[in-house]
Amino acid sequence: MHIERLPFGNLLLDKADINYEQKMEILNQAQEILEDFRLDSSKNLDISNQLAIFYDGEDGIPASVLGFEKQASQEFEVSLFEISSINRVNGYLGNFQAELENGEICRFSQAVMFVYDENLLRFNGFFSVADFDNPHSLMNALKQNLGEYSYKEIISYKDDFCQYHHRREKHCTKCVDACPTFGVGANDNLMELVFSPVDCIACGACVGVCPTSSLEYEELPKEGLEEIVELYQGHKVFLCNMAHYEELANQGILLDFNLTPLILPTLKILNENDLLMLLQTTQNEVIVFGESSEAIRFVNNITQQIYQRECIVVIDSPEKIHTYAKELQTFETYLYKNRYSRSHRESFAQRIQYMIKDHNFGIAKSVAPVFYGDLKIDADKCTLCLSCVGACNVNAIFAKSDDFSLRFNPSLCTTCGYCVDSCPEKIMEVSREGMRLESSYFKSRELAKDTPFLCVECGKPFSTKKSIEKIKTMLSASFSSDPKKLRTIECCADCKVKVMFQDQVAQHFAEK
């Protein structure tokens, strides 16, 4: 079976299908788009034959460890480490170092774990014996890495809207939590993400959970995904990743005539907007082969509220394909185009509004880490200092200068909570219950409002009454002996200088 034969998905098609040629044309076009984005450039590492074996030595060195050491020594320079003697391990494939209790530093290129340590197994280059059927297959995996090891920088990152980057407090590391390796980590001292392309396994989980679209999967960016999905208009899609496609093809599985395969490198890059785009563009419910995801469950929460059914059907065995293929229903079409590279939450809001129109379908509950919610504020205590506006980098909270109001659009809010911690009055509260499926949820509403405060010198509005009153309360005691300073609190920036230096100016002209 030649799985690599292009286009991907063709081995699931039955040639007896009268639409076989049409489907093959779709697969060919989709493959061309995937090839256009495939990264040609790669980086290389030199992987030596230095191998570390970690074990639990509470009762001495296990016989299984000694047996594997003897076998591995024919190909590798082997070092044995009792796990409790290790203070820390750092580095990356080909360049690991372990610090022992006595301070000694030992270097190695790969490691085999005869003891379970979840943290160490996140390193690319650490292998658990429990993942292999026999020592021979483990040895083959180790030897495949020897020599020149090539890797690509699959994930790109823009920090403009990242809700972790350079913030005063830690409010979002969803990408770090989702990463099964050390492909992405967080430096909490600098408040910066740290990427390790060597450890990245290109699963795309970090992309799928990012609430602000700060991460991109370079071998299938969003514009490429949209191009591919557009090819499937009017088709009932059978969606799976490359690994599952290979399994199905090797089993000789053929899809029902009413299904058209869509094979992507990974499904973990798909967020809630991508999935809804797939439904609305294809105009049909979708079958997903493999595991469900938080984004899938959240979209299904929405469709359950609106249509009383889950419109993304997740199956985990070939035997279920035929059953569910017959049950797929049509889906309401909406060919929305994100022409201004807005965040996926803005696009998602447009798509949901089209579905609900003027109805109220209740609440679609959040599925962590895909959080939607709302914001409460004590409007009487709000001084409109706008600290929350400065804290929000997705424009969910904003101020209107023409009427001195603070406004909020819940559909854009990622519920990170940075506004809450930034509020000096401590009068804000974020809820993460879910998305209200009614039109008002997708429009901005007024949170607080104040009347403008006019400069006592020139009469120009420059602040709000509440904020000036607060400042006067705070500084009145300190400025009580200096009436000019006290008056500057009620002056705009231009008039402050005039008030402070009016005596010097008057004296200057008197001397003239």
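For sorting lining residues, Ala, Val, Leu, Ile, Met, Phe, Trp, Tyr, Cys and Pro count as nonpolar, Asp, Glu, Lys and Arg as charged, and the others, Gly among them, as polar. With that in hand, here's a quick look at the inside of this predicted model. There are six cavities of 30 Å³ or more, and the largest nonpolar core takes in 64 residues.

**Cavities**
- The largest cavity comes in at about 110 Å³.
- Its lining is made up of 17 residues, and C392, I397, C413, C416 and C419 sit nearest the centre.
- Sort that lining by type and you get 11 nonpolar residues, five polar and one charged.
- The lining of the second largest cavity splits into nine nonpolar residues, four polar and one charged.

- As background, nonpolar side chains tend to be buried together in soluble globular proteins.
- In the largest core, L239, F298, I302, I352 and M435 are the residues touching the most other members.
- Helix 1, spanning residues 20-37, is the top contributor to this core, giving seven residues.
- Leaving out residues up to four places away in sequence, L239 touches L262, L264, L267, L270, L278, V286, I287, V288 and F289.
- There's also a second, separate core of 21 residues, and its members include C382, C388, V394 and V430.

Methods. Residues numbered from 1 in each chain as written. Predicted model: local features only at pLDDT ≥ 70, side-chain atom pairs only at ≥ 80, totals over all residues. Heavy atoms only, no water. 1 Å grid on protein atoms, 1.4 Å probe; cavity = no way out; pocket = protein on both sides within 12 Å on 5 of 7 lines; lining within 4 Å. Points joined across faces, edges and corners; volume = space filled by probe spheres on them. Core = buried A, V, L, I, M, F, W, Y, C linked by side-chain atoms within 4.5 Å. Buried < 20%, exposed > 50% of the residue type's maximum accessible area, 1.4 Å probe, protein only. Helix = DSSP H or I, 4+ residues; strand = E, 2+ residues; numbered from the N terminus. Contact = heavy atoms within 4.5 Å.
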